[in-house]
Amino acid sequence: MPTLTIDGKPVTVPEGTTVIQAAEKLGIFVPRYCYHPGLSVAGNCRICLVEVAKSPKLQIACNTPAAEGMVVLTRGAKVEEGRQAVLEFLLINHPLDCPVCDQSGECDLQNFYMTYGLYDPRFKEQKVKKAKAVAIGPKVMLDAERCILCSRCVRFTDEVTKTGEFGIFNRGDRSQIGLYPGKTLDNPYSGNVVDICPVGALTDRDFRFKARVWYLSTAPSVCGGCSRGCNVDLHYVLDRPHLAQGARVMRLKPRFNPDVNRWWMCDEGRYGYKFMDQKRLTRVTHRGSESTWEEALTALAGWLARAREEGRLDQVGVIPSARLTTEELFLIRKLFQEALGLKNCLLDLPPKDGTSDGFLIQADKNPNTMGAALLDLSPSPQPSPIKGEGGGAGDGLSILQKALDGQLKALWIFGHDLVGLLGEEKTAQLAKQLELLVYQGSNENPTARHAHWVLPGAVYVEKDGTFVNCQGRVQRVGKAFKPLPGARPEAEFLVELAKRLEIQVQGRTPEELFAWLAREVPAFAGLTYEKLGWQGMAVNLSSSSRKRGSPIESGMTNP
Amino acid sequence: MLRKRELNFWERIYLPEIIRGVAITSRHFFVNLFFHSAHRLGLFKGKLAAVTFQYPEQTRPLASRSRTRHRLTVREEGTPRCVGCMLCETVCPAKCITIVAGEHPDPNVEKYPVRFDIDLGVCVYCGYCVEVCPEDAIRMDTEILDIAAYSRDAMKLDLHELMDPKLRKPVAECKLKFPHQCKIHGNQTRGSWKAVYGEQTCAAGSLEPQD
């Protein structure tokens, strides 16, 4: 355990730690291009120069191991002069097309030039021309001129995805980044190379020219694309509706969480944000004609109250969704299962099927399957997918089957697509034979056309809440912005419904509902939003018999 | 502070000063009358009749740095020099600029505005957009001062008028060849890169038109 002094502050670090990591521990930022905590050390960009006492030359902080009694200076005239000279070299062949570059605004070349550069350029020769705007994959655009050859992308594809598409070709000032012949950058994690590229060489084709990065607001959230629940930052624009056809969400960026996704996220999740703005439901409709929330509330509360009086509540089926937040699922359990005593309130639909890759991508495409399981709303944490196509006779379809058999008179669905499960004809028939078919969900879907009542819900970034990921980690999704006009968070409507039915509800906001949940469900005991923070916490799994999910690997095992 | 001056006896008797005032006015009147009549007869053309400028027939010379209506500078092939960096949109204190960027087929240009609107009803003529432009793509040197319209919509300039300052609303026909959101055709995307560069250049593969 060597102890060293950085900028006059002593720090003790484990054996094998580099100076840059030791400085990080002290909260001292050393500029870097090629160094990335998630990748091996390359030591080729030279911007992280620091002064080490008794060493004649400046040393690179990223590849100098910390040693006992080392005295390091990360600033000072000598260090700054060195970094300025490094920047001058790095920028020799850089095209300086910042006006058209999507990276500008979050570019480390710009940032470090303003901090350490500010020199008068001495390079009067012709800059080397290289390929520009090359689509090297479905998601990524390469501009070889802008590249400073830090090799982060090469190491990412070698070490994390193990697909090895990238290489550095040619020599000297003609060396450039590129793909090996015959390769395209189409691995399921290709979007990460855009994040780790410190300059504008690799840019996102999806985000290309949509907005300038300084227009973006950011909100911490969790990806809802699968049950892994990667931590993300949601980048959105609310005040410039002319950009991207009025979409609010512009992109997702992974947020570091050592226990879930580290620095990475998959492309499926990264580009799966479009449902937040596209094909959204914004009108309450009753049998095809426009209605209001007040009318819906009166009608639905009235129907349920009548059914309660007549003792017909066992004819009501409710199918919650594993895409709802834990708070909403808990409210559904409290309201429908416990207060009204519905027997048919269970998430017993097959999950959206997908494939798992042993790294981040999970087969279960619902973000909160575990949450539903912990609340005893689903038969098992991984409901078995039904066999055969949309026949409706599978084991997992008990509520739907009962509805089809005519045992149920009312069905309340949260965001599920019955048409996909049963087919158009059967859904239409089901809608005809039911007295009440309620569809509550955020997005348009063929089932909404058949439903008697359509209640537009909010997507998860429009409401606060938590998801429990496949490892049993409770993570807060956060509220980035208000729901679209006309849409309403599911919990808000259910709380009002409970009030109409004279059912006691302990809380209205997601935070209050979570506090209630923590009091009642042992797995969540002692948790609060404050404790969860933005990194989440594992649920108390010993209180339930659920199996813990696999911890994260350092890279893909099966490329 | 200006102190009120005590009037002397000559001024206090009032009448002489009245006569003096009438004489000055009459002199201007008759001098102007003479020169205006003479101008009609084609005489004394070099001498100004009255100091008043006969706007709009006669315009005052503008200072070379005065800021007038905006224009977008144009490349040889008729596309805007603007690369859609949105710096002017960012710096604009009145938020009167609206830009939507698109992909330019020439990788050395890369980006261009599919839509570029300036709302003159909102613009404060500060000239920051001109200062900030890295491409010299926007200028305020058209010397057009008479900006007036009967509706707010007519105050909104788009690519058509900005690229050709001679045009006034309503613009009858769209002459822009490159793909753009055309206000004249109900905000539809109109134009193609083939029309700008010709079929052959596009087919040669140096450009990759995306339309």
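Q: At what angle do helix H8 and H14 of chain A pack, and how far apart are their axes?
A: This is a predicted model, in which local features need pLDDT of at least 70, side-chain atom pairs count only at pLDDT 80 or more, and totals for chains, interfaces and linings use all residues. Residues are numbered from 1 along each chain as its sequence is written, and chains are lettered from A and ligands numbered from 1 in the order in which they are written. Helix H8 (residues 326-339) of chain A packs with H14(A) at an angle of about 20°, and their axes are 9 Å apart. Axes are lines fitted to C-alpha atoms, for helices over the stretch in contact, and angles run from 0 to 180 degrees between N-to-C directions. Helices (H or I, at least four residues) and strands (E, at least two) are DSSP runs, numbered from the N terminus.

Q: Which residues make that contact?
A: From H8(A) come A:Glu327, A:Glu328, A:Leu331, A:Ile332 and A:Leu335, and from H14(A) come A:Glu490, A:Ala491, A:Leu494 and A:Ala498. Two residues are in contact if their C-beta atoms, placed from the backbone, lie within 7 Å. The contact of H8(A) with H14(A) divides into 6 nonpolar, no polar and 3 charged residues. Ala, Val, Leu, Ile, Met, Phe, Trp, Tyr, Cys and Pro count as nonpolar, Asp, Glu, Lys and Arg as charged, and the others, Gly among them, as polar.

Q: And at what angle do H7(A) and H14(A) cross?
A: The axes of helix H7 (residues 293-310) and helix H14 (residues 490-500) of chain A come within 10 Å and cross at roughly 50°. H7(A) and H14(A) are therefore oblique to each other. Angles under 35 degrees count as roughly parallel, over 145 as roughly antiparallel, 65 to 115 as roughly perpendicular and the rest as oblique.

Q: Which residues meet there?
A: A:Leu297, A:Leu300 and A:Ala301 in H7(A) meet A:Glu496, A:Leu497 and A:Arg500 in H14(A). By class, this contact has 4 nonpolar, no polar and 2 charged residues.

Q: Changing topic: how many residues does each chain give to the contact between chains A and B?
A: Chain B gives 17 residues and chain A gives 9 residues. On the side of chain B that touches chain A, the largest share, 5 residues, comes from E2(B). That side of chain B has 8 nonpolar, 5 polar and 4 charged residues.

Q: What is the secondary structure of chain B?
A: Chain B has 6 helices and 7 strands. The radius of gyration of chain B, taken over C-alpha atoms, is 27 Å, well over the 17 Å that the globule rule gives for 211 residues, so chain B is more spread out than a compact globule. The globule rule is 2.2 Å times the number of residues to the power 0.38. The C-alpha trace of chain B spans about 95 × 50 × 30 Å along its principal axes.

Q: Is B:Tyr55 buried or exposed?
A: B:Tyr55 is exposed, with 10 other C-beta atoms within 10 Å. A residue is buried if 20 or more other C-beta atoms lie within 10 Å of its own, exposed if 12 or fewer, and partly exposed in between, with C-beta atoms placed from the backbone. B:Tyr55 is in the loop between helix H2 (15-40) and strand E1 (71-72) of chain B.

Q: What is phi of A:Lys162?
A: A:Lys162 has a positive phi of about 55°, although A:Lys162 is not a glycine. A:Lys162 counts as partly exposed, with 14 C-beta neighbours inside 10 Å.
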